[in-house]
Amino acid sequence: MTRKNIKRTLVIDEIIKLYLEGASTTEIAKLSNVSPRYIRMILSDHNIEKRPFGSWKRKYKLNEDYFKTWSKNMAYILGFFIADGFVSNDFQTIGFAQKEKYILEQIRDELGSNQPLYQNKQTGVYMLYLNSKVMKNDLMEIHGITPNKSLDIKFPYVPEVYLNHFIRGYFDGDGNIYSRGYLVSFVGGSLDFMTVLEHHLKARGFDVYLTKKEKHIRLYMSGRKNIKEFYDWIYHDKGLYLKRKFEAFPDKNMDAETLQNAKLKRTKQAVAARKKAFIDEYRKSYCVHQACETVGITLGTYFRWLKQDKQFSEEFYQIKKE
(Lines give C-alpha, C1' and ligand atoms only; values in the text may rest on other atoms or scores of the structure.)
Protein backbone atom coordinates (compact mmCIF):
# COMPACT_ATOMS: atom_id res chain seq x y z
CA MET A 1 0.00 0.00 0.00
CA THR A 2 1.38 3.41 -0.93
CA ARG A 3 1.65 6.23 1.56
CA LYS A 4 -1.04 8.32 -0.05
CA ASN A 5 -3.58 5.52 0.44
CA ILE A 6 -3.11 5.44 4.22
CA LYS A 7 -5.94 7.26 5.99
CA ARG A 8 -5.45 8.98 9.35
CA THR A 9 -8.10 7.62 11.73
CA LEU A 10 -8.04 10.43 14.31
CA VAL A 11 -8.78 14.11 13.70
CA ILE A 12 -6.16 16.68 14.66
CA ASP A 13 -8.00 17.89 17.79
CA GLU A 14 -8.15 14.30 19.07
CA ILE A 15 -4.41 13.83 18.44
CA ILE A 16 -3.56 17.03 20.32
CA LYS A 17 -5.89 16.13 23.17
CA LEU A 18 -4.32 12.69 23.59
CA TYR A 19 -0.84 14.20 23.64
CA LEU A 20 -1.81 16.82 26.23
CA GLU A 21 -3.31 14.03 28.33
CA GLY A 22 0.11 12.34 28.39
CA ALA A 23 -0.05 9.77 25.59
CA SER A 24 3.20 9.28 23.68
CA THR A 25 3.59 10.05 19.99
CA THR A 26 4.11 6.31 19.39
CA GLU A 27 0.85 5.42 21.13
CA ILE A 28 -1.05 8.11 19.27
CA ALA A 29 0.50 7.04 15.97
CA LYS A 30 -0.82 3.50 16.43
CA LEU A 31 -4.31 4.80 17.16
CA SER A 32 -4.14 7.19 14.20
CA ASN A 33 -2.73 4.73 11.67
CA VAL A 34 0.21 7.06 10.93
CA SER A 35 3.87 7.32 11.92
CA PRO A 36 5.19 8.96 15.12
CA ARG A 37 7.02 11.43 12.87
CA TYR A 38 3.68 12.49 11.35
CA ILE A 39 2.25 13.03 14.86
CA ARG A 40 5.26 15.19 15.83
CA MET A 41 4.74 17.23 12.66
CA ILE A 42 1.09 17.90 13.62
CA LEU A 43 2.14 18.98 17.11
CA SER A 44 4.73 21.37 15.68
CA ASP A 45 2.27 22.85 13.20
CA HIS A 46 -0.12 23.66 16.06
CA ASN A 47 2.53 25.06 18.43
CA ILE A 48 2.10 22.30 21.00
CA GLU A 49 5.03 22.23 23.45
CA LYS A 50 6.63 18.81 23.12
CA ARG A 51 8.06 16.69 25.89
CA PRO A 52 11.72 15.58 25.71
CA PHE A 53 12.13 12.36 23.71
CA GLY A 54 11.68 9.32 25.94
CA SER A 55 10.53 11.35 28.95
CA TRP A 56 7.89 10.26 31.44
CA LYS A 57 4.37 11.59 31.01
CA ARG A 58 4.08 15.19 32.15
CA LYS A 59 1.98 15.77 35.27
CA TYR A 60 -0.12 18.93 35.57
CA LYS A 61 -1.54 20.20 38.82
CA LEU A 62 -5.31 20.13 39.36
CA ASN A 63 -7.69 20.35 42.30
CA GLU A 64 -9.64 17.26 41.26
CA ASP A 65 -12.26 17.73 44.00
CA TYR A 66 -13.09 21.29 42.95
CA PHE A 67 -16.69 20.57 41.91
CA LYS A 68 -17.52 18.92 45.23
CA THR A 69 -17.68 22.21 47.18
CA TRP A 70 -19.93 25.16 46.35
CA SER A 71 -18.55 28.68 46.09
CA LYS A 72 -19.43 31.66 43.92
CA ASN A 73 -16.61 30.87 41.50
CA MET A 74 -17.48 27.16 41.42
CA ALA A 75 -21.09 28.09 40.55
CA TYR A 76 -19.86 30.43 37.82
CA ILE A 77 -17.52 27.82 36.32
CA LEU A 78 -20.28 25.18 36.41
CA GLY A 79 -22.63 27.48 34.49
CA PHE A 80 -19.86 28.41 32.06
CA PHE A 81 -19.03 24.72 31.58
CA ILE A 82 -22.63 23.82 30.75
CA ALA A 83 -22.50 26.48 28.02
CA ASP A 84 -18.95 26.11 26.68
CA GLY A 85 -17.55 22.88 28.11
CA PHE A 86 -17.55 19.23 27.15
CA VAL A 87 -17.21 15.82 28.75
CA SER A 88 -15.27 13.28 26.70
CA ASN A 89 -17.01 10.04 25.81
CA ASP A 90 -13.85 7.97 25.43
CA PHE A 91 -11.31 9.55 27.80
CA GLN A 92 -11.18 10.74 31.42
CA THR A 93 -11.16 14.29 30.12
CA ILE A 94 -13.24 17.45 30.35
CA GLY A 95 -12.60 20.67 28.50
CA PHE A 96 -13.59 24.29 27.95
CA ALA A 97 -13.64 26.24 24.68
CA GLN A 98 -13.65 30.03 24.40
CA LYS A 99 -12.24 32.72 22.11
CA GLU A 100 -11.21 34.97 24.99
CA LYS A 101 -8.06 33.46 26.42
CA TYR A 102 -7.95 35.33 29.73
CA ILE A 103 -11.20 33.84 31.06
CA LEU A 104 -9.90 30.29 30.47
CA GLU A 105 -6.66 31.24 32.21
CA GLN A 106 -8.66 32.53 35.20
CA ILE A 107 -10.77 29.37 35.26
CA ARG A 108 -7.63 27.21 35.02
CA ASP A 109 -6.05 29.10 37.93
CA GLU A 110 -9.22 28.79 40.00
CA LEU A 111 -9.16 25.02 39.38
CA GLY A 112 -5.60 24.90 40.71
CA SER A 113 -4.11 23.80 37.41
CA ASN A 114 -1.06 24.74 35.37
CA GLN A 115 -2.34 22.97 32.25
CA PRO A 116 -1.32 24.87 29.08
CA LEU A 117 -4.02 26.14 26.74
CA TYR A 118 -4.26 25.06 23.12
CA GLN A 119 -5.47 27.36 20.33
CA ASN A 120 -7.15 26.07 17.20
CA LYS A 121 -5.41 27.99 14.41
CA GLN A 122 -8.38 27.79 12.06
CA THR A 123 -11.06 29.08 14.45
CA GLY A 124 -8.96 31.09 16.91
CA VAL A 125 -10.75 29.31 19.78
CA TYR A 126 -8.72 28.46 22.89
CA MET A 127 -9.13 25.05 24.52
CA LEU A 128 -8.49 24.02 28.11
CA TYR A 129 -8.27 20.22 28.46
CA LEU A 130 -8.21 18.68 31.95
CA ASN A 131 -7.51 15.00 32.47
CA SER A 132 -9.23 13.76 35.63
CA LYS A 133 -11.48 10.79 36.27
CA VAL A 134 -12.54 12.32 39.60
CA MET A 135 -13.57 15.66 38.08
CA LYS A 136 -15.34 13.99 35.17
CA ASN A 137 -17.29 11.72 37.52
CA ASP A 138 -18.24 14.64 39.79
CA LEU A 139 -19.60 16.64 36.87
CA MET A 140 -21.59 13.65 35.70
CA GLU A 141 -22.77 12.15 39.00
CA ILE A 142 -23.14 15.22 41.23
CA HIS A 143 -24.20 17.80 38.65
CA GLY A 144 -25.78 15.62 35.94
CA ILE A 145 -23.60 16.76 33.02
CA THR A 146 -23.24 14.07 30.36
CA PRO A 147 -21.07 13.83 27.22
CA ASN A 148 -24.16 14.59 25.10
CA LYS A 149 -25.29 17.48 27.25
CA SER A 150 -26.35 19.95 24.56
CA LEU A 151 -29.81 18.51 23.97
CA ASP A 152 -30.63 16.74 27.23
CA ILE A 153 -28.92 18.67 30.04
CA LYS A 154 -31.08 19.17 33.12
CA PHE A 155 -30.84 22.32 35.20
CA PRO A 156 -28.62 21.23 38.11
CA TYR A 157 -29.29 21.84 41.77
CA VAL A 158 -27.71 25.19 42.66
CA PRO A 159 -27.93 26.65 46.19
CA GLU A 160 -29.97 29.85 46.19
CA VAL A 161 -27.04 31.95 47.41
CA TYR A 162 -24.99 30.96 44.34
CA LEU A 163 -27.73 31.05 41.68
CA ASN A 164 -26.79 34.49 40.31
CA HIS A 165 -23.17 33.35 39.86
CA PHE A 166 -24.26 30.16 38.06
CA ILE A 167 -26.53 32.09 35.69
CA ARG A 168 -23.78 34.68 35.09
CA GLY A 169 -21.50 31.81 34.05
CA TYR A 170 -24.09 30.40 31.68
CA PHE A 171 -24.78 33.89 30.32
CA ASP A 172 -21.06 34.45 29.65
CA GLY A 173 -21.02 31.23 27.66
CA ASP A 174 -24.40 31.16 25.89
CA GLY A 175 -25.89 34.58 26.48
CA ASN A 176 -25.89 37.84 24.57
CA ILE A 177 -26.65 41.52 25.09
CA TYR A 178 -27.59 43.36 21.94
CA SER A 179 -25.94 46.53 20.70
CA ARG A 180 -28.34 49.07 22.13
CA GLY A 181 -28.25 47.31 25.49
CA TYR A 182 -31.93 46.77 26.23
CA LEU A 183 -32.31 43.22 24.93
CA VAL A 184 -30.68 40.18 26.55
CA SER A 185 -30.94 36.59 25.35
CA PHE A 186 -29.86 33.08 26.30
CA VAL A 187 -29.68 30.17 23.86
CA GLY A 188 -29.70 26.43 24.53
CA GLY A 189 -30.56 23.07 23.05
CA SER A 190 -32.30 21.54 26.07
CA LEU A 191 -35.92 22.58 26.56
CA ASP A 192 -35.84 21.22 30.11
CA PHE A 193 -32.85 23.37 31.07
CA MET A 194 -34.20 26.51 29.41
CA THR A 195 -37.65 26.09 30.96
CA VAL A 196 -36.18 25.87 34.47
CA LEU A 197 -33.94 28.87 33.72
CA GLU A 198 -37.07 30.78 32.67
CA HIS A 199 -38.76 29.77 35.94
CA HIS A 200 -35.84 30.99 38.08
CA LEU A 201 -35.73 34.35 36.31
CA LYS A 202 -39.48 34.87 36.49
CA ALA A 203 -39.41 33.97 40.18
CA ARG A 204 -37.08 36.95 40.69
CA GLY A 205 -39.43 39.31 38.91
CA PHE A 206 -37.74 39.43 35.51
CA ASP A 207 -40.00 39.72 32.47
CA VAL A 208 -38.75 36.92 30.19
CA TYR A 209 -40.18 34.90 27.33
CA LEU A 210 -39.16 31.60 25.78
CA THR A 211 -39.14 30.74 22.06
CA LYS A 212 -38.35 27.50 20.25
CA LYS A 213 -37.24 27.28 16.63
CA GLU A 214 -36.01 23.97 15.24
CA LYS A 215 -33.27 22.75 17.64
CA HIS A 216 -32.63 26.11 19.30
CA ILE A 217 -34.48 27.41 22.36
CA ARG A 218 -34.02 31.09 23.17
CA LEU A 219 -34.91 33.05 26.26
CA TYR A 220 -35.31 36.83 25.96
CA MET A 221 -35.74 39.76 28.29
CA SER A 222 -36.03 43.40 27.36
CA GLY A 223 -36.82 46.80 28.85
CA ARG A 224 -34.48 49.35 30.37
CA LYS A 225 -35.42 48.74 34.01
CA ASN A 226 -35.68 44.97 33.52
CA ILE A 227 -32.15 44.78 32.08
CA LYS A 228 -30.67 47.00 34.79
CA GLU A 229 -32.21 44.83 37.53
CA PHE A 230 -30.86 41.73 35.80
CA TYR A 231 -27.40 43.32 35.63
CA ASP A 232 -27.53 44.23 39.34
CA TRP A 233 -28.48 40.67 40.25
CA ILE A 234 -26.04 38.60 38.18
CA TYR A 235 -23.05 40.83 39.00
CA HIS A 236 -23.81 41.17 42.72
CA ASP A 237 -20.70 40.09 44.68
CA LYS A 238 -19.18 38.92 41.41
CA GLY A 239 -16.07 36.80 41.20
CA LEU A 240 -15.21 35.54 37.72
CA TYR A 241 -16.90 37.26 34.79
CA LEU A 242 -16.42 38.00 31.10
CA LYS A 243 -15.40 41.64 30.78
CA ARG A 244 -16.82 42.14 27.29
CA LYS A 245 -20.37 41.30 28.32
CA PHE A 246 -20.11 43.19 31.60
CA GLU A 247 -19.05 46.34 29.73
CA ALA A 248 -21.90 45.99 27.21
CA PHE A 249 -24.60 46.65 29.82
CA PRO A 250 -25.93 50.23 29.86
CA ASP A 251 -26.96 52.32 32.88
CA LYS A 252 -24.37 50.77 35.21
CA ASN A 253 -24.23 53.81 37.49
CA MET A 254 -27.98 54.40 37.61
CA ASP A 255 -30.48 53.22 40.19
CA ALA A 256 -32.92 50.75 38.65
CA GLU A 257 -35.77 52.42 40.55
CA THR A 258 -35.21 55.61 38.54
CA LEU A 259 -35.58 53.75 35.23
CA GLN A 260 -38.67 52.69 33.36
CA ASN A 261 -39.36 50.13 30.70
CA ALA A 262 -40.68 51.70 27.51
CA LYS A 263 -44.35 52.69 27.65
CA LEU A 264 -45.90 52.82 24.21
CA LYS A 265 -49.21 54.31 23.15
CA ARG A 266 -51.81 51.63 22.61
CA THR A 267 -54.25 53.40 20.27
CA LYS A 268 -55.08 51.55 17.03
CA GLN A 269 -53.25 54.21 15.05
CA ALA A 270 -50.13 53.98 17.22
CA VAL A 271 -50.03 50.17 17.08
CA ALA A 272 -50.55 50.19 13.31
CA ALA A 273 -47.71 52.71 12.96
CA ARG A 274 -45.39 50.47 14.98
CA LYS A 275 -46.26 47.46 12.85
CA LYS A 276 -45.52 49.43 9.69
CA ALA A 277 -42.23 50.68 11.17
CA PHE A 278 -41.31 47.10 12.10
CA ILE A 279 -41.97 45.84 8.55
CA ASP A 280 -39.98 48.74 7.06
CA GLU A 281 -37.00 48.09 9.34
CA TYR A 282 -37.11 44.33 8.78
CA ARG A 283 -37.17 44.88 5.02
CA LYS A 284 -33.89 46.84 5.40
CA SER A 285 -32.05 44.77 7.98
CA TYR A 286 -33.61 41.28 7.73
CA CYS A 287 -33.09 41.15 11.51
CA VAL A 288 -36.03 40.66 13.86
CA HIS A 289 -34.00 41.78 16.89
CA GLN A 290 -32.95 45.00 15.15
CA ALA A 291 -36.53 45.70 14.08
CA CYS A 292 -37.79 45.15 17.63
CA GLU A 293 -35.17 47.49 19.06
CA THR A 294 -35.84 50.17 16.43
CA VAL A 295 -39.59 50.13 17.05
CA GLY A 296 -39.23 49.72 20.82
CA ILE A 297 -41.19 46.50 21.25
CA THR A 298 -40.37 43.19 22.89
CA LEU A 299 -40.04 39.92 21.03
CA GLY A 300 -43.16 38.82 22.88
CA THR A 301 -45.09 41.60 21.12
CA TYR A 302 -43.61 40.58 17.76
CA PHE A 303 -44.69 36.95 18.24
CA ARG A 304 -48.17 38.09 19.29
CA TRP A 305 -48.49 40.19 16.13
CA LEU A 306 -47.44 37.21 14.00
CA LYS A 307 -50.05 35.02 15.65
CA GLN A 308 -52.97 37.47 15.85
CA ASP A 309 -52.58 39.84 12.89
CA LYS A 310 -53.01 38.10 9.53
CA GLN A 311 -51.97 41.12 7.46
CA PHE A 312 -48.79 41.67 9.50
CA SER A 313 -47.95 37.96 9.28
CA GLU A 314 -48.44 37.89 5.49
CA GLU A 315 -46.27 41.00 4.97
CA PHE A 316 -43.54 39.58 7.21
CA TYR A 317 -43.37 36.19 5.50
CA GLN A 318 -43.51 37.81 2.07
CA ILE A 319 -40.26 39.64 2.91
CA LYS A 320 -38.68 36.35 3.99
CA LYS A 321 -39.49 34.90 0.56
CA GLU A 322 -37.94 37.81 -1.35
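Student: What is the relative accessibility of Y286, and as what does this residue count?

Tutor: The model is predicted: local features need pLDDT of at least 70 and side-chain atom pairs count only at pLDDT 80 or more, whereas totals for chains, interfaces and linings use all residues. Residues are numbered from 1 along each chain as its sequence is written, and side-chain values use heavy atoms, without hydrogens and water.

Y286 has a relative accessibility of 47% and therefore counts as partly exposed. That class lies between buried, under 20% relative accessible area, and exposed, over 50%, with a 1.4 Å probe and protein chains only. Y286 is found in the loop between α12 (268-285) and α13 (288-295); helices (H or I, at least four residues) and strands (E, at least two) are DSSP runs, numbered from the N terminus. The phi of Y286 is positive, near 55°, although this residue is not a glycine. Most residues other than glycine have a negative phi.

N47, another non-glycine residue, has a positive phi of about 55°. N47 sits in the loop between α3 (36-45) and α4 (72-84), and its relative accessibility of 63% is why it counts as exposed.

A positive phi of about 55° also occurs at E214, in the turn of the hairpin that β7 and β8 form with two residues between them. The antiparallel strands β7 (residues 208-213) and β8 (residues 216-222) are joined by six bridges; strands pair if DSSP finds at least two bridges between them. K212 has I217 of β8 as its bridge partner.

Among the buried residues of α10 (residues 224-234) are F230, Y231 and W233.

Helix packing is seen between α1 (residues 12-21) and α2 (residues 25-32), whose axes are 10 Å apart at an angle of about 150°. Axes are lines fitted to C-alpha atoms over the stretch in contact, and angles run from 0 to 180 degrees between N-to-C directions. The two helices, α1 and α2, are therefore roughly antiparallel, a term for angles over 145 degrees. Contact, meaning heavy atoms within 4.5 Å, is made by I15, L18 and Y19 of α1 with T25, I28, L31 and S32 of α2.

How values were computed. Parallel < 35°, antiparallel > 145°, perpendicular 65-115°, else oblique.
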